[in-house]
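I looked up each topic in turn and recorded what was found.

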Amino acid sequence: MAFAFPSVRLGRAAETPLRHVVLLMRENRSFDHYFGGFPGADGIPAGAPVRPADGYCLGDPPHTETAFRAMGAGQPASPASMVFYREAQLPLGWALARRFTLCDRYFSSVLGPTFASRLFGVAASAGDFHENPRKIDASLLPRPSIVDRLDAAHLDWACYELRPYSGYNPVTFYPERRSDPRANRTWDEFLADAAAGRLPAVSWVVPEDPLTEHPPTPPQWGQRLAALTVSAVAQGPRWSQSAVVLNYDESGGFYDHVAPPGVDASGFGYRVPCTVASPFARPGHVSHAVYDHASVLALIEHTFGLAPLTSRDAAANPMEDCFDFSHPSHEPISFPPHQPRPGCGELPPWAADVLGRSLPQAALVVPGGPDRSPPPELAGGLGGLAALGAVAGGAAIAIRRRREGRGRS
């Protein structure tokens, strides 16, 4: 490897080209479920008790702490959890993984559901939360969080939500952040800031159902969101200083053959997919290094010279095997022109508007200096939005109402 992160003196950023880290965490899929057949990855072993998925509107397997522990004991809670997808079914996700770096030892940080996993992603701890709370007790939230560290260092940050006041935004789990305008920016603002080179040091793109990939919503919608996110950054003037981390909060109860290593009483949880996109991401590389959500925090901390939050991020690998800062890649990002039709109901209008943005079939990503002009727009079609489903409410709205009634999972 040509480069490793240098030892960081607190208050001084690592001597790497990175100045912008963009995070998009989606919902409830395991590594084997999505990438069990990926070349070079530790995927599904011969004789595993799984079958190919024959559709996209899958049931939602149990994924409480109890269900995860039962799976670890060889007792999956639902037959719905024992399926996997192939490349032809997930062309956008696989295209990004083939072009950039895929991590096959990236674990969820806790053996539990969404709230604890997303909270860990900003605090390097889930505190005393093991399941999704009906109401957040602010006194139990672990402190400080990474936004506290960024504020103390006078570094900017922002959460770009697809829908206002998203329940998937871990920054707004903290009551003092709910009215902070930085925590409630919009997707349109993300696109504008990326195009103008105004992205902050750390950005969270916060998805919303039905674009989270949380079952029963199909993978293709959320993976198009990921492709649009990477494309927006790659076509902006700060791509040469950026890294985009595409991961999932927890495995959702889906099968994965790798037993989570025990690091403390909370975790790890099972493996989840993670792709790192950057001009400095090692193209076509599968990283076998052990990572979890604390590694993303460590990446931020090492990049910007911040103190760790807990012992977990202090000990975490800052994803250094994903990067080669001495050899940036000049290869284009190629998106497949057609995607399968999921047939999982219709998109609500706001979601159809998000996914209807143009996705070039190839976006030139030639790294340059911090003041370079944006690359020219390239010809490229919509990339098959019609195949992703039609417009209007239906099943997606029903899913949103169900979640609002019982909380995130």
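**Entry 1: conventions.** I call a residue buried under 20% relative accessible area, exposed over 50% and partly exposed in between, with a 1.4 Å probe and protein chains only. The model is predicted, so I note that local features need pLDDT of at least 70 and side-chain atom pairs count only at pLDDT 80 or more, whereas totals for chains, interfaces and linings use all residues. Residues are numbered from 1 along each chain as its sequence is written, and side-chain values use heavy atoms, with hydrogens and water left out. Helices (H or I, at least four residues) and strands (E, at least two) are DSSP runs, numbered from the N terminus.

**Entry 2: aromatic rings.** I describe a pair of aromatic rings by the distance of the centres and the angle of the planes. Rings of Phe, Tyr and Trp (its six-membered ring) pair if their centres lie within 6.5 Å; planes under 30 degrees apart count as stacked, over 60 as edge-to-face and the rest as tilted. By this rule I find 16 aromatic pairs. Phe35 and Phe38 make an edge-to-face pair, at 5.8 Å centre to centre and 80 degrees between the planes. Phe35 is buried at 4% relative accessible area, and Phe38 is buried at 7%. I then looked up the pair of Trp187 and Phe190, which is stacked, with 5.4 Å centre to centre and 25 degrees between the planes. These two residues are three apart in helix H6, so about one helical turn separates Trp187 from Phe190. Both Trp187 and Phe190 are buried. I also recorded a cluster in which ring pairs link Phe31, Phe35, Phe38 and Trp94.

**Entry 3: helix H6 against helix H7.** I take axes as lines fitted to C-alpha atoms, for helices over the stretch in contact, with angles running from 0 to 180 degrees between N-to-C directions. Contact means heavy atoms within 4.5 Å. The axes of H6 (residues 187-196) and H7 come within 8 Å and cross at roughly 30 degrees. Trp187, Phe190, Leu191 and Ala194 make the contact from H6, and Leu225, Leu228, Thr229, Ala232 and Val233 make it from H7. For the classes, I count Ala, Val, Leu, Ile, Met, Phe, Trp, Tyr, Cys and Pro as nonpolar, Asp, Glu, Lys and Arg as charged, and the others, Gly among them, as polar. The contact residues of H6 and H7 comprise eight nonpolar, one polar and no charged.

**Entry 4: strand S1.** How many of the residues of S1 are buried? I find seven of the seven buried, so S1 is largely enclosed by the rest of the structure. In a regular strand the side chains alternate between the two faces of the sheet. Here His20, Val22, Leu24 and Arg26 point one way and Val21, Leu23 and Met25 the other way. I treat two strands as paired if DSSP finds at least two bridges between them. S1 and S9 run parallel and are joined by seven bridges; Arg26 has Tyr248 as its bridge partner in S9. S1 also runs parallel to S8, with four bridges joining them, and Leu23 stands opposite Trp204 in S8.

**Entry 5: salt bridges.** I count a salt bridge where a side-chain nitrogen of Lys or Arg is within 4 Å of a carboxyl oxygen of Asp or Glu. The structure holds 19 of them. One joins Glu213 to Arg26, with the closest N and O atoms 2.7 Å apart. Glu213 lies in the loop between strand S8 (202-206) and helix H7 (219-234) and Arg26 in strand S1 (residues 20-26), so this pair ties together parts 187 residues apart in sequence. Glu213 is buried at 0% relative accessible area, and Arg26 is buried at 4%. Arg271 bridges to Asp32, the closest N and O atoms being 2.9 Å apart. This pair links Arg271, in the loop between strand S9 (242-248) and strand S10 (274-277), to Asp32 in helix H1 (residues 31-35), 239 residues apart. Both partners, Arg271 and Asp32, are buried. In a further salt bridge, Arg143 and Glu176 have their closest N and O atoms 2.5 Å apart. Arg143 is partly exposed at 45% relative accessible area, and Glu176 is partly exposed at 41%. I also noted one network in which salt bridges that share partners join Asp148, Asp151, Arg177, Asp180 and Arg182.

**Entry 6: helix H4.** H4 is mostly covered, with 10 of its 10 residues buried. Its buried residues are covered by elements including S1, H5 and S8. Just after H4, I recorded a positive phi of about 60 degrees at Ala124.
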